[in-house]
Every structure is written in C-alpha cells, then in structure tokens.
Amino acid sequence: MSEARPGGPLLSVQNLKVHFPVRSGLMLRQTGKVKAVDGVALEIGEGETVGLVGESGCGKSTLAKAVVRLLKPNEGTVTFGGTEITALAPRVLRPFRREMQMIFQDPVESLNPRQSVRQIIEEPLVIHREGDAGARRRRVDELLERVGLPPNSGEKFAFEFSGGQRQRIGIARAIALNPRFIVCDEPVSALDVSVQSQIINLLLELQSEMGISYLFIAHDLAVVQHISDQVAVMYLGKIVELASAEAIYQRPCHAYTKALLSAIPEADPAAERERILLEGDVPSPINPPAGSAFGHRISHPRYEETIGMDLSLVEIESGHWVARDPCCLSEEDWKKVQ
Amino acid sequence: MRKENPDKTAVRHNIYEEHDSERKGLLTVRGLVSAFDTERGLLRAVDGVSFSVDRGKTLGIVGESGCGKSVTAMSLISLLPRPAGRVLEGEVLFKGEDLQQVPEKRLHGIRGGEIGTIFQEPMTALNPVHRIGRQVSEVFRLHKQMDKKEAWEAAIEALRMTRIPSPEIRVGDYPHQLSGGMRQRVVIAMALACQPDLLIADEPTTALDVTVQAQILDLIQGLQAEMGMATILITHDLGVIAENCDEVVVMYAGRVVERAPVVELFANPLHAYTRGLLNSIPRLSLPPKTELNTIPGMVAALSEMASGCRFCQRMERESSLGDERPEFREISPGHWVEECPECYGGEAHEAA
C-alpha cells in the first residue's frame, strides 16, 4: 500500500466528469448526455471531513460513487493516498477498496435482509481474507460493541432493529477493515433528531479515534456544518463554493449558498430572518443552460454575459473559493475577483 | 356543543376537562385513543390525546417516528386502516359535530370538502395512471357537483393558485412528469380545492429539498391567510414547527407530554422530553465537531409500553408515580405539561 506524501491530501479529485448517455428512439441511439458531474475538483486531508451539500439531482451521490470508483468517471482523475485510481483494473483496485468504505442513506435497503447482522459485518473481512473464523468472530463482537449495539445483535436480522440501530450496523460494516476514508451518503437524513445526534456523535468519535476522513453528503446544512471542516456547495454538477465550514455560514459569497442557508428552518420562533425563496426546481442536467446555471434559474439580468465565460472557482479569500460568476456574487465580491 | 351524555364524557376524560372549557375551537379532540389489533394483542398507538385548533391558526404536532402523530391525524377523519385500526375512545368535535358519531356519508362530504389533507409522499397520494387534471377535477365533481368541463376549468384555477407555472398545459400531465415539489403542489391544490376549514398536513415537506420545502411552506401559509383556514401541521422537524405554528403539541409514545404556544414552548420547554429534543438539534450557532446532546435509550415497543410515565421508562428510571399516569396540567396560561415529578418538577428543573 502506497503511503500518502507527507502533508499531501489523502484524496484528491481533479476535473472529474461523469456523464450518462441519454438514449431514445427505436434504435436507442445516444441523443444526449446527462452531465451529472461536470468538472469537479476536491481535496480531502487525513482525518478531515468535507461536507457536500446541494439539492437533489445536483450530482452529489454520483460524485461520491465516482470518488470511490463505484462508477468510472469519463474524464478527470481521482488520486487516493498518492496513487491515481481513476483507471485501475478491478484486481489492482482491490487493496484500495478496503481503505475506502461507504455508509448509505437507507439502512433498510443497504443491508441484506437474508443475512444475520454478524454475516453482514463479517462480509468485508471474508472478502479481504482477514483472519480465521475465530478471529473474525471476535472482531465482529468488538465492532458491535464499538458502535453501541447489544452483544447478542449478531445473531439477529436487520429488520429486527430500529432505523438508528440499522445505521449502526452499516457503520460497523464500514469500519470493519479500518478504512482511511468513508463516504457518508446522507447517513442521518432518514433518522429522528434524537437518533440523528447519536449517530453524528458516533461518527465524530470514530474519526478522532481512527483518524478517518469523511466525505459527508447531506441536505441538512446544519448537520453538515456541525460535522465538517470544509463545505462544498454543489449546483448542477459543479461545485460553486468551497470554504471552511465557518466561512460558509458566516460569509457565504455565492447567491445559491445564501439561498440554501436562508431556506433552513431555524428552531427559534423569535428569530427574524429574511428568506430568499428560489423559484422553480433544479434545472435538468440533460440540457443545462449555456451560461451560469444559477443565473439562469433566477433570471439574472447579467445572464447573457456569462455564456461562454469561464465560471471556474477563484479564491476570494484565503481558503474560500467561489465560482467567478457575475450573476451570483455581490457587486463588491465581483470586483474582488476581477 | 356536545351530543353525548355529558356525565359519561366527564367520567371518561375528567383530567382533560379544564382543557377547553373556555376555548371554542374549530376542532376539539378529547381523550382520543386509537388502537390496532395485532398478533400481540390490541396495541394503543394513540393513548388519550387532547388538543384543539382555532380558526385561522396553525397547530403543530411534533414527535419522533412511531409516537402516534400520523395515527392521530388519520383518526381525526376516520381513515385508520380497517379492520385492524380503530378509535376506541374519545371524541373529535369539528364545528360541533362529533366525527366519530357521524354517518359515513357525512364523512365523505367532510373529507376533501371541509377538511383537506396532505400526506408526506406526493407520489403515493396521486394516481399514476390518470392525468393530474382528472384527479384535481374529481374533487370539484364530487363536492361541488360540477360537470366535467366546469371541473376541468376549476382544476386549472386550483393549480394556478398553487403557483404551478402554465397550469393550462400542466393539467394534462401525468404525475411522473412532474418534479417532487410540483407533485406536492398538485396534492395541495386537491386538498384546498373546496376551500376547507381545516387542513391536515402530515409531513408535507419531509421528502423535499430545503429550498422546495421553503416554497411549499410559504405557499401553505399564504393560502391559509387568504382563506382563513386552520392547519394541523405534523412534522418531526422543530425548525418547521418554530417557523410555521401558533401552538405546538409534543407527543411521546402515543401521549401528549407538553402543549404550549410556540414562542413559549421554545423559550421555556418544561418536559424533559421536549428539552431533550430541542437540545439534540445541531444548530448553526454550535461550535463545529463538538459532541451533540442526545436522548439516551429508545422508545419502547408498543406492546411493552408502561402505563405510568413513558419517558421515565425510556430513561430507565423509576417514576415516583409508579404505574400511575402523570396528570396533564396547565402550569401557566396555555402551557400544559404531563406532570411526572422526574420529567417535570422542581428537581428535574434544577438538574437541567
């Protein structure tokens, strides 16, 4: 296993593109493509959490799958621990698989109903030929205890557990091989608040104990802000703003980030806030607007200017990146990035 | 107002008596008990719930999954899955009529007419093989006895009211052609078609993105103000409650543990469960990566519910009331709490 260069990021994504063909007609000719992920760059350091937020359909989950190579990207590179894994053959990729795990949103569908909890958690150990049966048994017991499940859980089936406990089973499976990186795809979205906070605490504990890095996807921005070091805001296949969790919340620059933040209902009836209501839904990634996608949605007067313009990220303040887009920046910020 | 023998009701629900003595709400629910017949016997999913809603106001019902929020909503309009589910006790007074006693035919007029409903998943609320125009116009044909053509026109207007762009074209679409937010607008158009007095919205925005959630809640609030209808908003999201409700009912394990005007509830939560819920939300103001407060334990299975304080059961502590159900009492004007000494009381408060 190659080690990361000291100081370098654990995971580095450059110009990643994932396009899906759209086929129609009798001969199923390709008539277009869905640009689910369209030129994304991202870095995640050791023990760091990067939060990824955006509306449904913006490409969050596709990006996550491409990062752990469950999908093969069309363009761009994914570098893990210093090795480029974008085009590795399955056999060569296997040692990397044990270091990259995933936790899913729906703990019902992501756990095999015919397997006992022990079999579910043991499976990665079996696949990667870890220890003998006795050692694996002990390891599963250890994992059950670590994620806070009762000791006799191994012999039960997933359906016998509540949503929060099922998510713990998924977490036990993900950490079985001591991975360095876990993609958490909406792990708490389906849970009640009191259970949600238990799972968030567990993820934070595991991170500080084992030094795991997370790519944490969620649509609840308060959750993302709580768990993340860096937050990336994604809109229609592109990252439009990337900054430290604090900066995103205290000084959002992109109009879309501002709108997302203002849409979170705050649990304080006395709070007076201005809400930016977005009209309509996320535009279709099949035929995205030629210019600024968000400028198009809000019918910004400067939209025409952005057609053909380079809208890539610029560093507006140290460590704070935002799309260089006249439709989405305040005048002051726009001057700064000129 | 009451049709039933008052003495009988008084015996059954004496602890709720002071509740609505001075309130003449649009809807008054008193001592509602709903249960399901299962292999493990009769399980009480809702165990003596009382509240009332005034005209033009929004009542929020909040609690975790399985606490009986949705069963309460279904019970109000007798929509519990039969034959397993039924209302065992209690009354639901809507404009003076007990909905538990009225004939089925009258209920048909009330559902969709005087009481509109919105449920969580807009895809299952719509029939996938009919155009949305047909589904919305059905409401007008049933309740307003319009003919096909009139009803179709009315459907277009109803869709326009929910701000669906170009409704005259959209009316011919099938549900799968619409996005989640648009589908929920169609469901809202159906629910509000007959200008109901009461709207029951059960997790209307849970399946939607925050941005679309904000649009939908804004729309419901706007239409509510326009029509002067009352709303029961059921959600597990305390943020949604804080921003949309006038009064809040907090449910735990089939019972109401606290009820108060919204500002009062958030400023001065009294029951340990309400406090636990409020404390466990991650807030933007909290320092990142710190441990969040949690409520330990889990909700007991319905078949194992204690007859005494159920939150004490979760916290694995003895309630000093033993097996006796804590009294639900008004502590300050409009602020009611289940008075278990461990969950609410001097000691519990000092500890918190």
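Student: Where is the place of A:Val126 in chain A?

Tutor: Helices here are DSSP runs of H or I with at least four residues, strands are runs of E with at least two, and both are numbered from the N terminus. A:Val126 sits in helix α3 of chain A, residues 117-127. This is a predicted model, in which local features need pLDDT of at least 70 and side-chain atom pairs count only at pLDDT 80 or more, while totals for chains, interfaces and linings use all residues. Residues are numbered from 1 along each chain as its sequence is written, and chains are lettered from A and ligands numbered from 1 in the order in which they are written.

Student: Is A:Val126 buried or exposed?

Tutor: We count other C-beta atoms, placed from the backbone, within 10 Å of a residue's own: 20 or more means buried, 12 or fewer exposed, and in between partly exposed. A:Val126 has 12, so it is exposed.

Student: How far apart in space are A:Val126 and A:Pro187?

Tutor: From C-alpha to C-alpha they are 25 Å apart, with a separation of 61 residues in sequence.

Student: Let's turn to strands. Which residue in β12(A) is the bridge partner of A:Leu242?

Tutor: Two strands pair if DSSP finds at least two bridges between them. Strand β10 of chain A (residues 238-244) runs antiparallel to β12 of chain A (residues 320-323), joined by two bridges. In β12(A), A:Trp321 is the partner of A:Leu242.

Student: What stands opposite A:Trp321 in strand β11 of chain A?

Tutor: That is A:Glu315. Strand β11 of chain A (residues 313-317) pairs with β12(A) over four bridges, again in the antiparallel sense. The two form a hairpin with two residues between them, and A:Gly319 in the turn has a positive phi of about 80°.

Student: How many residues of chain A are in contact with chain B?

Tutor: Contact means that two C-beta atoms, placed from the backbone, lie within 7 Å. By that rule, 33 residues of chain A meet 39 residues of chain B. On the chain A side, α6(A) gives the largest share, seven residues. By class, this side has 18 nonpolar (Ala, Val, Leu, Ile, Met, Phe, Trp, Tyr, Cys and Pro), six charged (Asp, Glu, Lys and Arg) and nine polar residues (the others, Gly among them).

Student: And what is chain B built from?

Tutor: Chain B has 14 helices and 12 strands. Of its 352 residues, 48% count as buried. Its C-alpha trace spans about 65 × 60 × 40 Å along the principal axes.
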